[in-house]
Protein chains: 8
Amino acid sequence: MAAPTVALLMGSKSDMEKVAPAEEIFAEMGVKVIKEVISAHRQPEKLREFVRSAPSEGVEVFIAAAGKAAHLPGVVASMTTLPVIGVPISSRDLGGLDALLSIVQMPRGVPVAAVAIDGAANAALLACAMLALKYEAVASALEEFRRRMSEG
Amino acid sequence: MAAPTVALLMGSKSDMEKVAPAEEIFAEMGVKVIKEVISAHRQPEKLREFVRSAPSEGVEVFIAAAGKAAHLPGVVASMTTLPVIGVPISSRDLGGLDALLSIVQMPRGVPVAAVAIDGAANAALLACAMLALKYEAVASALEEFRRRMSEG
Amino acid sequence: MAAPTVALLMGSKSDMEKVAPAEEIFAEMGVKVIKEVISAHRQPEKLREFVRSAPSEGVEVFIAAAGKAAHLPGVVASMTTLPVIGVPISSRDLGGLDALLSIVQMPRGVPVAAVAIDGAANAALLACAMLALKYEAVASALEEFRRRMSEG
Amino acid sequence: MAAPTVALLMGSKSDMEKVAPAEEIFAEMGVKVIKEVISAHRQPEKLREFVRSAPSEGVEVFIAAAGKAAHLPGVVASMTTLPVIGVPISSRDLGGLDALLSIVQMPRGVPVAAVAIDGAANAALLACAMLALKYEAVASALEEFRRRMSEG
Amino acid sequence: MAAPTVALLMGSKSDMEKVAPAEEIFAEMGVKVIKEVISAHRQPEKLREFVRSAPSEGVEVFIAAAGKAAHLPGVVASMTTLPVIGVPISSRDLGGLDALLSIVQMPRGVPVAAVAIDGAANAALLACAMLALKYEAVASALEEFRRRMSEG
Amino acid sequence: MAAPTVALLMGSKSDMEKVAPAEEIFAEMGVKVIKEVISAHRQPEKLREFVRSAPSEGVEVFIAAAGKAAHLPGVVASMTTLPVIGVPISSRDLGGLDALLSIVQMPRGVPVAAVAIDGAANAALLACAMLALKYEAVASALEEFRRRMSEG
Amino acid sequence: MAAPTVALLMGSKSDMEKVAPAEEIFAEMGVKVIKEVISAHRQPEKLREFVRSAPSEGVEVFIAAAGKAAHLPGVVASMTTLPVIGVPISSRDLGGLDALLSIVQMPRGVPVAAVAIDGAANAALLACAMLALKYEAVASALEEFRRRMSEG
Amino acid sequence: MAAPTVALLMGSKSDMEKVAPAEEIFAEMGVKVIKEVISAHRQPEKLREFVRSAPSEGVEVFIAAAGKAAHLPGVVASMTTLPVIGVPISSRDLGGLDALLSIVQMPRGVPVAAVAIDGAANAALLACAMLALKYEAVASALEEFRRRMSEG
């Protein structure tokens with residue numbers, strides 16, 4: 001069985017620092033990450049090709065981080081039935097409330113799983129919880145992570 | 001010269017009543033309307049084909065009305081360099097603030113022109129103001145409309 | 001292999017109507033639902049026992065719907081490493097913004113997957129997307145659902 | 001009669017500086033403080049044991065400070081009938097509005113007494129006002145505090 | 001020992017229906033209620049006299065319900081060191097967010113214990129939790145209430 | 001005729017810098033200012049005496065600046081029929097929205113004139129516009145101010 | 001001396017019912033009202049002429065009620081140094097928060113006195129408080145009004 | 001044919017830095033810019049003259065940037081039937097939400113095209129999209145801009 005794999009997308013290079021905590025979690029959990037910077041609005045065709053070809057790379061879960069109008073997670077979700085997790089990125093003006101609402105208020109039929117503003121670490125943990133349904137190694141790693149955390 | 005033409009998109013059949021005032025304005029201004037219900041999330045391919053073929057139908061301006069996450073105007077804007085006007089549709093929970101922020105907070109490079117919540121009539125007038133740059137008949141109709149309005 | 005199973009929790013009997021769309025989705029997807037009304041605050045011990053015994057009933061994903069302070073999804077998430085989806089329920093005063101923020105702004109380490117305000121149908125579809133990683137029948141049903149939806 | 005005693009909980013070590021003003025008030029009022037950092041989500045069992053054993057340590061009032069989803073005060077309140085005071089801790093993104101709503105919008109049956117965002121000093125004064133119902137020394141200290149304050 | 005007594009104030013006759021649940025709770029808990037409609041702004045002298053004479057009537061806790069600017073709880077708190085609980089009353093325009101912020105954001109030195117918007121029942125339960133520190137009968141009644149509630 | 005006189009109150013010494021622009025305007029307009037720091041909550045009796053004796057000092061307009069719960073302007077207004085102008089002072093958490101709502105949402109019968117967040121200069125100009133109804137020198141100074149301003 | 005006079009403007013005929021309480025107050029106080037429906041945006045020239053000629057009609061204070069973008073009070077204020085009171089009118093989508101912010105957040109140099117959302121009665125009382133600086137009859141009527149109100 | 005020309009207005013000199021990105025876009029697109037600092041409130045007559053004479057300078061689109069009450073775009077729109085684009089400028093207190101709502105919530109009949117908070121670059125691109133309906137050189141430049149952007 002191949003390594004469990006996620007795609008970690010962000011709408012702008014400036015989001016790189018905000019998604020780094022997700023990469024740390026995935027490294028710890030033994031999950032492979034395919035990371036890309038693609039703007040849903042500036043590069044719609046590149047995004048479409050990426051999402052379409054992702055399953056052939058083994059991707060089973062998408063994480064998409066974006067700020068402001070933050071359409072990236074929703075656009076990804078419109079192109080796949082794999083689970084999509086959206087991370088609202090904060091900005092100075094509205095503090096990320098705009099990104100949060102754009103990500104979470106998806107219409108009936110095409111869900112996105114929203115996590116906290118700047119919550120990339122939790123997005124990774126949520127992806128692991130999904131993968132753990134199928135991959136026992138991830139399930140074990142997640143339980144170990146939770147156990148250590150409960151010790152404070 | 002062909003009649004000036006706009007595309008009037010909405011994300012859901014339930015928005016039909018909310019966009020009706022735009023149709024009235026266009027009828028009064030002599031602007032042809034191509035109206036379609038297409039969900040950006042549920043029907044991404046249908047939307048892509050519509051936007052791509054619209055110029056060949058004479059479309060010069062897009063109006064897109066949507067509620068909640070309201071990605072429709074932004075997704076249209078990612079596929080065309082024609083002007084795109086977004087109409088946030090109100091809903092009972094957050095009153096349309098979600099749709100407004102999702103529509104107006106577009107990232108640098110791909111603008112959407114946002115009008116008021118449930119402001120379809122103004123979206124039509126804004127589209128006419130754009131078309132009036134090119135079509136004198138629309139310019140005249142718009143000035144006449146404004147003149148009558150100023151009489152109260 | 002047993003039928004894929006989810007737990008569908010709500011904090012109050014008055015949320016019953018709001019979660020009904022989730023049940024319809026699960027019925028369509030062939031997913032078994034264990035439905036319970038348990039208040040995180042009024043019945044903390046009952047909740048604890050339910051969450052602890054759920055895996056032995058085959059539960060692999062939790063959905064928790066709650067309004068106002070809406071701690072239910074987060075409290076469930078604190079007791080399990082299975083994926084937890086939170087549905088903010090709207091109320092008349094703040095329209096569900098309180099429930100949304102309480103559900104989505106979880107601290108690092110314990111994620112909840114938030115969906116739209118009153119978005120029970122999407123919570124069910126998201127749960128199916130997770131189960132589809134493991135259950136091919138759910139994956140097929142989900143793809144069929146999406147295909148029909150794209151036809152409008 | 002033993003010294004009046006309060007439990008001062010916070011969800012994260014980073015809240016330590018924000019609750020310090022409460023400790024100063026309690027020192028001035030002659031109230032004993034049992035201070036602990038316990039996350040409601042990462043350490044639910046540790047929290048449960050703390051709340052259950054607190055009365056045997058003489059605790060009569062709980063103060064719980066937390067940011068973001070801020071479930072700590074509500075979870076404490078679900079486990080005790082002693083009064084629970086919640087202090088919303090501000091964060092950079094939403095300024096503490098999320099924590100305030102999560103703390104104050106508790107469902108019928110299980111109240112939390114919310115004070116201002118970052119209002120740990122007032123939480124302590126409120127706890128003293130409660131204890132003053134029973135302990136005359138606290139009542140006198142509180143009146144003296146108010147008298148001095150009124151002199152500016 | 002006299003019966004435990006609370007003052008239940010509201011800023012306007014129109015709040016009467018919203019505070020009724022508090023009266024039911026107090027009846028159940030054996031707590032005497034002195035109920036008055038006094039506007040902090042329209043009747044400042046009447047309010048001042050009421051608060052000053054309340055202790056001589058046995059009042060040990062104040063509950064004040066008010067909407068919009070909702071200064072009533074804070075003004076009461078400025079005149080007494082007894083605990084003051086504030087109940088934000090919702091209104092159609094801002095849903096009670098104005099009242100909530102006016103009540104909860106009190107300055108250092110003069111706390112008000114805020115409960116949920118329209119949360120009069122919880123205000124009563126919180127008052128009982130305070131009185132229970134001193135009155136064993138209230139403590140027993142409160143525990144019995146909680147026990148019954150946990151049975152659902 | 002005595003010099004036109006205003007009272008300039010603030011709830012905390014920390015507001016001093018924020019109200020300084022009002023003093024500059026009054027100096028320019030020839031209006032006498034009686035400035036005081038009085039907390040509505042910590043010093044209610046001092047405030048009451050100040051407001052009661054202010055008319056005998058020639059005060060014809062009150063300006064009150066306050067942050068957070070910001071009851072000061074409303075409490076002053078409850079004690080006088082002279083015009084009261086409220087200046088919401090910003091704070092880091094909610095940016096002054098709390099103070100704005102607390103000041104502006106006064107109940108029927110007791111108005112406060114709210115100006116912009118941190119808008120002390122405009123409060124002074126508004127006070128001058130009121131005084132200008134009676135004092136021609138202030139009217140002239142105000143017109144001159146406006147004329148110069150219009151020159152940019 | 002002529003009767004004290006105010007101008008009562010509203011942006012739309014639909015605001016008529018909302019400003020009626022102001023007319024009742026003025027009738028009671030013996031203040032003459034010149035009432036007009038003029039849109040700042042649809043009828044800028046009509047508005048300009050009205051504001052310019054108002055002083056010759058004896059107008060000493062302006063009240064302007066408007067909803068949504070609610071520029072009316074600010075535009076009036078830009079054209080006169082007389083005091084301008086703004087009444088934000090609520091609407092279904094954002095509850096009047098948009099109108100409130102548009103009215104109150106005026107830039108330095110041109111103040112508007114904002115009252116509560118739908119607070120036309122208080123706008124009238126505030127106008128009377130201004131006129132009372134000059135007209136003793138209004139001052140007496142206002143004091144009598146306040147006295148009766150304090151009797152509940 | 002003369003060069004395509006836009007007017008770029010801002011309400012305050014302090015907005016200069018925020019509109020600079022628009023100037024860069026216009027330079028790149030070959031669009032002439034007439035830039036002015038005019039306050040809608042402090043200089044209403046100067047604004048009126050500017051807007052009236054702009055068409056004779058070749059102006060076909062207006063961009064107006066303003067913060068706080070942000071009436072500038074709406075006031076310009078009330079004086080012309082040419083398209084008006086509004087740029088909400090952020091401020092420290094409410095992050096630009098006030099400016100956004102003041103600009104976008106225009107009443108029926110007089111539209112303003114709102115772009116993102118501090119979104120001057122997008123305002124320029126939107127203006128170019130309008131001009132591109134008439135000027136082929138602008139259309140080509142815009143398509144080239146979009147093509148380069150899609151390459152990342």
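The dialogue below goes through some chain interfaces and one backbone feature of a predicted model.

Biologist: How many residues of chain A are in contact with chain C?

Modeller: Contact means heavy atoms within 4.5 Å. Here 41 residues of chain A meet 41 residues of chain C.

Biologist: What area do chain A and chain C bury between them?

Modeller: Buried area is the accessible area (1.4 Å probe) that two parts lose on being put together, summed over both. For chain A and chain C the value is about 3,300 Å², with 64% of it on carbon and sulfur atoms. On the chain A side, T81(A), L133(A) and R146(A) lose the most area to chain C, together 23% of what that side buries.

Biologist: Which elements of chain A supply at least two residues of the side that touches chain C?

Modeller: Helices (H or I, at least four residues) and strands (E, at least two) are DSSP runs, numbered from the N terminus. The elements are α1 (16-29), β3 (59-67), α3 (72-78), α4 (97-104), β5 (113-114), α5 (120-131) and α6 (136-150) of chain A. The largest share, 7 residues, comes from α5(A). By residue class, the side of chain A that touches chain C has 29 nonpolar, 6 polar and 6 charged residues. In that division, Ala, Val, Leu, Ile, Met, Phe, Trp, Tyr, Cys and Pro count as nonpolar, Asp, Glu, Lys and Arg as charged, and the others, Gly among them, as polar.

Biologist: How many residue pairs are in polar contact across the interface of chain A and chain C?

Modeller: A polar contact is a pair of N or O atoms within 3.5 Å; within protein, one must be able to donate a hydrogen and the other to accept it, and residues adjacent in sequence count only if both atoms are side-chain atoms. The rule finds 14 such residue pairs between chain A and chain C (both at pLDDT 80 or more). The count of salt bridges (a side-chain nitrogen of Lys or Arg within 4 Å of a carboxyl oxygen of Asp or Glu) between these chains is 0.

Biologist: By what turn can chain A be laid on chain C?

Modeller: Two copies of a chain are related by a rotation about an axis and a shift along it. Chain A is laid on chain C by a turn of 180° and a shift of 0.0 Å along the axis, with an RMSD of 0.0 Å. That is the relation of a two-fold axis. The same surface serves both copies, as 100% of the contact residues of chain A recur in chain C.

Biologist: What does chain B bury with chain C?

Modeller: Chain B and chain C bury about 590 Å² between them, 61% of it on carbon and sulfur atoms. In chain B, R42(B), D93(B) and L94(B) lose the most area to chain C, together 67% of what that side buries. The contact joins 5 residues of chain B to 10 residues of chain C.

Biologist: Where does K68(A) lie?

Modeller: K68(A) is in the loop between β3 and α3 of chain A. Although K68(A) is not a glycine, its phi is positive, about 55°.

Conventions:
Residues are numbered from 1 along each chain as its sequence is written. Chains are lettered from A and ligands numbered from 1 in the order in which they are written. This is a predicted model: local features need pLDDT of at least 70, side-chain atom pairs count only at pLDDT 80 or more; totals for chains, interfaces and linings use all residues. Side-chain values use heavy atoms; hydrogens and water are left out. Copies are superposed by least squares on the C-alpha atoms of residues with pLDDT of at least 70 in both.
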